[in-house]
Amino acid sequence: MNLKLADAIALGLVTFAAAGILNAATIPAAVTFDPPGFSQGPSIYVAVPGPQTIVTTPATFSGGVVLGFATFFPAISFATVPNVYGTADFGNGLSNALTIGIDPTFTTTEVSFALFNGETFNQSYTADAFDGTNLVATQTLTNVAPNFNSGYGLVDLNNLGGITSVTIAPTGGTAVWDFLIDTVAFNENITSVVNSPPPPVVQPPTPPVQGHVHGHGEGETELVEVDFGDDVNDIKGSVLPVTTLSPTPEPGTYVLVIAGSLLCFAGRFRRSRAA
């Protein structure tokens with residue numbers, strides 16, 4: 001009887017120890033892509049010659065590039081400055097999906113991060129978590145607000161059996177894409193790492209730029225339309241020149257011109273007579 005009791009106690013201690021080791025292994029970690037561990041990236045995609053694979057202690061990030069103080073990125077109020085990791089169709093050879101490959105020695109049961117929509121229109125995104133080749137968790141952010149409306153969403157993927165990789169991509173296999181992620185938390189929710197975000201800042205459309213048109217009357221202005229291309233982060237955006245047509249004179253203008261010509265003719269006639 002005492003032997004059976006001892007065996008039961010020993011089994012319990014082994015189970016408890018195993019659980020303790022598992023819990024100790026699922027330690028939290030976070031990747032912000034920021035200095036001092038990372039150099040500050042450029043502010044635009046096209047400044048990076050190609051995809052950057054980022055290797056960190058808990059995971060490897062691939063498919064995108066690191067941007068620092070990204071241009072036209074109002075939602076940066078929730079991202080940890082200066083860097084984010086993102087991809088866009090107008091970048092140099094970037095993928096339409098970002099991949100997080102987790103170190104198999106780093107036991108992970110939760111992956112959480114912020115996803116920012118870089119498009120100028122609503123877009124949906126899906127994040128899939130895998131354990132090996134098995135899909136174990138998925139989350140879809142539906143109709144994330146446009147970039148200028150500070151559109152973003154929070155992803156939180158969980159699987160007690162473990163997560164070895166995560167993929168993030170826009171839904172529907174779109175031909176254009178532009179999105180970024182930041183503050184990737186492992187074994188904890190991103191809200192434990194970053195303070196609760198402020199509500200999205202809804203900004204009105206960018207108004208046309210006003211400027212003086214040289215050669216016209218004082219104070220006259222015309223509108224100059226600005227076209228940023230398909231995406232506001234695209235450095236190849238252009239300013240559309242305004243074609244200024246010569247104004248058509250009013251009828252009264254013609255009368256003044258004729259009258260002035262007649263006066264000049266009369267003056268010359270008088271001078272010739274006096275001579």
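Start by selecting proline 36, which sits in the loop between strand S1 (29–31) and strand S2 (52–55). Keep in mind that this is a predicted model.

**Stop 1**

The peptide bond from proline 35 to proline 36 is cis, with omega near 10°.

Stay in this loop and select phenylalanine 33, which also lies between S1 and S2. Check its backbone: phi is positive, about 65°, although the residue is not a glycine. Is phenylalanine 33 buried or exposed? Its relative accessibility is 0%, so it counts as buried.

**Stop 2: the S3–S4 loop**

Now go to proline 82. It belongs to the loop between strand S3 (59–68) and S4. Here is another bond to inspect: valine 81 and proline 82 are joined by a cis peptide bond, with omega about 5°.

**Stop 3: asparagine 83**

Select asparagine 83, part of strand S4 (residues 83–88). Its relative accessible area is 0%, and therefore it is buried.

Where does the side chain of asparagine 83 reach? Follow it to the backbone oxygen of serine 39, at 3.0 Å.

Next, show what surrounds asparagine 83. Setting aside residues up to four places away in sequence, it touches Phe33, Pro35 and Ser39, among others. Phe33 and Pro35 bring you back to residues from the opening stop. The list of contacts also includes Val66, Leu67, Gly68 and Asp182.

**Stop 4: the nonpolar cores**

Turn to the largest nonpolar core, which has 31 residues. Which residues have the most contacts inside it? Select Phe61, Ile100, Phe113 and Phe186. Then colour strand S11 (residues 178–186): it supplies the largest share of this core, four residues.

Centre on isoleucine 100. Leaving aside neighbours within four places in sequence, isoleucine 100 is in contact with Phe61, Phe113 and Phe186, among others. Its partners also include Ala59, Thr60, Ile181 and Val184.

**Stop 5: asparagine 143**

Finish at asparagine 143, in strand S8 (residues 134–144). Look at its backbone. Phi is near 50°, a positive value in a residue other than glycine.

How values were computed: Residues numbered from 1 in each chain as written. Predicted model: local features only at pLDDT ≥ 70, side-chain atom pairs only at ≥ 80, totals over all residues. Heavy atoms only, no water. Helix = DSSP H or I, 4+ residues; strand = E, 2+ residues; numbered from the N terminus. Buried < 20%, exposed > 50% of the residue type's maximum accessible area, 1.4 Å probe, protein only. Polar contact = N/O pair within 3.5 Å; in protein donor to acceptor, adjacent residues only side chain to side chain. Contact = heavy atoms within 4.5 Å. Core = buried A, V, L, I, M, F, W, Y, C linked by side-chain atoms within 4.5 Å.
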